[in-house]
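Dear colleague,

Please find below the structure for your records. A summary of the findings follows it.

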Amino acid sequence: MKFSILKDEIIPHIPVHLRGFAARIDKRNEGVHDPLYATVVLIQANKTVAIISIDLIGGDRSFADGIKGAICERFGLSEDEIILNFSHTHSAVAITGEDENKRNRPYSFNHYSSTRDEDIEHSEDVKYYKIVKTKILNMIEAGLSNLVEGNAYVLRGKSKFGVSRRHPHEDGVIWKPYFNEDSMDPDLYLIKLEDNNGNIKGLLYNYACHPTSMGPNNYLISADYPGVVRRVLEEKNPGMIAMFLQGCGADIKPVATTEDGVFKQCTFEELEVAGASLVSEIQDLLELEEEKDVNLGWRRINVDLQTKSSDLKLYSESWDLEKWI
């Protein structure tokens with residue numbers, strides 16, 4: 001097996017309207033607390049796959065099809081050999097592409113969320129898309145030219161970093177911390193990439209939890225807890241790049257945002273403490289020895305890559321006005 005892992009900053013080129021909290025008033029970000037990154041992992045065995053993690057709240061079909069199309073055209077990968085994953089930080093923006101027919105809805109980080117659809121234009125969004133696309137393509141080109149021989153190992157751990165925000169109530173469900181282990185997915189999956197000398201070059205960690213440590217009062221760009229985890233892990237493990245892969249954590253928030261039975265907005269100091277707690281859990285797992293049983297320690301992967309792509313259709317109920325109020 002061969003692999004490479006690279007990252008590059010993708011901080012928006014202009015002040016932007018941050019996404020994720022409807023309560024934010026009509027003003028743009030006031031600076032950058034910590035950088036946003038796009039991270040690329042290339043794994044090559046019987047075929048080549050690209051895994052791309054992006055420190056943004058999300059992206060639409062216009063972005064996904066655009067970036068995948070550019071990768072396919074330039075490097076010959078097929079659409080199913082490219083995985084896009086967004087950290088979903090609520091202290092960043094969403095990203096769209098050039099194809100206006102594939103945008104889910106009128107959106108622009110250059111406009112406030114209540115702007116009339118007919119007043120929205122996307123020139124700055126398209127400019128940002130081209131910046132991000134160029135950086136991703138450049139990383140893939142550099143990675144394919146510098147693949148490292150090595151091995152991949154997997155480990156399944158557990159974490160108590162998150163807590164459910166859906167608390168059962170006689171009237172249904174209320175917004176309140178719900179400390180029930182059966183109400184969330186505690187799995188913390190790690191994949192480490194080592195060169196033939198045993199040096200850890202890359203670490204992919206998968207966990208399901210909203211990056212919402214900061215609340216609607218924050219107007220600084222931030223990768224939230226994944227940014228803290230990345231920085232501290234890379235400081236503790238020189239030469240290693242860490243990649244966060246968001247899981248299905250729609251109703252899971254960092255436990256650090258709970259206080260006296262309700263949710264709060266963390267300060268950046270509290271964010272550091274929260275991120276450090278997840279780092280501690282990951283670092284403890286990194287130091288486990290290789291075992292034959294995946295539930296006891298690291299297991300070397302016999303890399304045989306298989307890929308498939310399909311569209312999942314998610315259906316939801318349509319409620320009338322009386323139901324909402």
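**Helix α2 and its packing**

The buried residues of α2 pack against β1 (2-9), β3 (37-44), β4 (48-54), α1 (61-75) and β7 (94-95). Buried means under 20% relative accessible area, exposed over 50%, and partly exposed in between (1.4 Å probe, protein chains only). Helices (H or I, at least four residues) and strands (E, at least two) are DSSP runs, numbered from the N terminus.

This is a predicted model, in which local features need pLDDT of at least 70 and side-chain atom pairs count only at pLDDT 80 or more, while totals for chains, interfaces and linings use all residues. Residues are numbered from 1 along each chain as its sequence is written, and side-chain values use heavy atoms, with hydrogens and water left out.

Helix α2 covers residues 123-145. Among its buried residues are V132, I136, L137 and I140.

**V228 in helix α3**

V228 lies in helix α3 (residues 225-236) and is buried, at a relative accessible area of 3%. Leaving aside residues up to four places away in sequence, V228 touches L271, E272, G275 and A276, where contact means heavy atoms within 4.5 Å.

**Cysteines**

The count of disulfides, each a pair of cysteine sulfur atoms within 2.5 Å, comes to zero. C209 is in no disulfide, and the nearest cysteine sulfur, that of C266, is 11 Å away. C209 is buried at 0% relative accessibility, whereas C248 is exposed at 80%. For C248, the closest cysteine sulfur is in C209 at 13 Å, too far for a bond.

Yours sincerely

Key:
The expected span of a helix is 1.5 Å times one less than its number of residues.
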